[in-house]
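This report describes one protein chain for a reader who has not seen it before. Please look through the sequence and the model before reading on.

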Amino acid sequence: MGCSGSKRTRGDDKSKKIRKPKPWKHSEPITKTQLMQMRDEFWDTAPHYGGRKEIWDALRAAAELNLAQAIIDSAGVIVQNDDLTICYDERGAKYELPKYVLSEPINLILEN
């Protein structure tokens with residue numbers, strides 16, 4: 001699994017404060033509707049690639065709500081990257097989140 005060296009103790013993961021990913025650019029400009037569709041597709045399929053559904057649900061809630069830190073702490077998620085792009089559960093399963101589920105690209109097309 002490759003996570004034994006990256007495991008943190010309970011006290012360590014609380015010191016890593018959650019933040020939004022750095023500004024990023026999608027390969028081509030997309031609309032908010034397209035972004036939401038990409039996010040929905042990711043969250044619908046993510047649990048099928050491993051890990052526990054309750055951790056995926058917690059990561060989704062953390063990505064979509066302003067309570068990310070509280071959700072991550074209460075779910076026992078071990079954060080490797082403070083922007084939530086790489087996390088682990090307490091059993092060592094790895095969870096990788098694409099930036100498009102965590103923030104909007106700088107080339108987002110505004111819809112009327």
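Leu 84 sits in the loop between E2 and E3. The model is a predicted one, and in it the phi angle of Leu 84 is near 70°, a positive value in a residue other than glycine. Most residues other than glycine have a negative phi. Leu 84 counts as buried because its relative accessibility is 3%, and the cut-off for buried is under 20%.

Val 79 has Cys 87 of E3 as its bridge partner.

The chain as a whole contains four helices and five strands. Read from the N terminus, its elements follow the order α-β-α-α-α-β-β-β-β. The chain has 112 residues, and 39% of them count as buried. Its accessible surface is about 6,900 Å², with 52% of that belonging to carbon and sulfur atoms. Of the contacts between residues at least 6 apart in sequence, 63% join residues at least 24 apart.

Helix H2 (residues 32-45) has 14 residues, which at 1.5 Å a residue should span 20 Å; the C-alpha atoms at its ends are 20 Å apart, so the two values agree. Which residues of H2 are buried? They are Leu 35, Met 38, Arg 39, Phe 42 and Trp 43. These residues lie on the same side of H2, because they cover an arc of only 125° around the axis. The elements that cover the buried residues of H2 include strand E1 (30-31), helix H3 (53-64), E4 and E5.

The loop between E4 and E5 holds Glu 104.

| Residue | Relative accessibility | Class |
|---|---|---|
| Leu 84 | 3% | buried |
| Glu 104 | 38% | partly exposed |
| Asn 107 | 12% | buried |

What does Glu 104 contact, leaving aside its neighbours within four places in sequence? Glu 104 is in contact with Trp 24, Lys 32, Leu 35 and Arg 39. Leu 35 and Arg 39 are among the buried residues of H2. The side chains of Glu 104 and Lys 32 are joined by a polar contact of 2.2 Å. Pro 21 is 83 residues away from Glu 104 in sequence, and the C-alpha atoms of these two residues are 9.3 Å apart in space.

Asn 107 counts as buried because its relative accessibility is 12%, and buried means under 20%. Not counting residues up to four places away in sequence, Asn 107 touches Lys 25, His 26, Glu 28, Pro 29 and Ile 30. At His 26, the side chain of Asn 107 reaches the backbone oxygen at 3.0 Å.

How values were computed. Residues numbered from 1 in each chain as written. Predicted model: local features only at pLDDT ≥ 70, side-chain atom pairs only at ≥ 80, totals over all residues. Heavy atoms only, no water. Buried < 20%, exposed > 50% of the residue type's maximum accessible area, 1.4 Å probe, protein only. Polar contact = N/O pair within 3.5 Å; in protein donor to acceptor, adjacent residues only side chain to side chain. Contact = heavy atoms within 4.5 Å. Pairing = 2+ DSSP bridges. Helix = DSSP H or I, 4+ residues; strand = E, 2+ residues; numbered from the N terminus. Areas by Shrake-Rupley, 256 points an atom, 1.4 Å probe, with all protein chains shown as cover. Expected span 1.5 Å × (residues − 1). Arc of directions from axis to C-beta.
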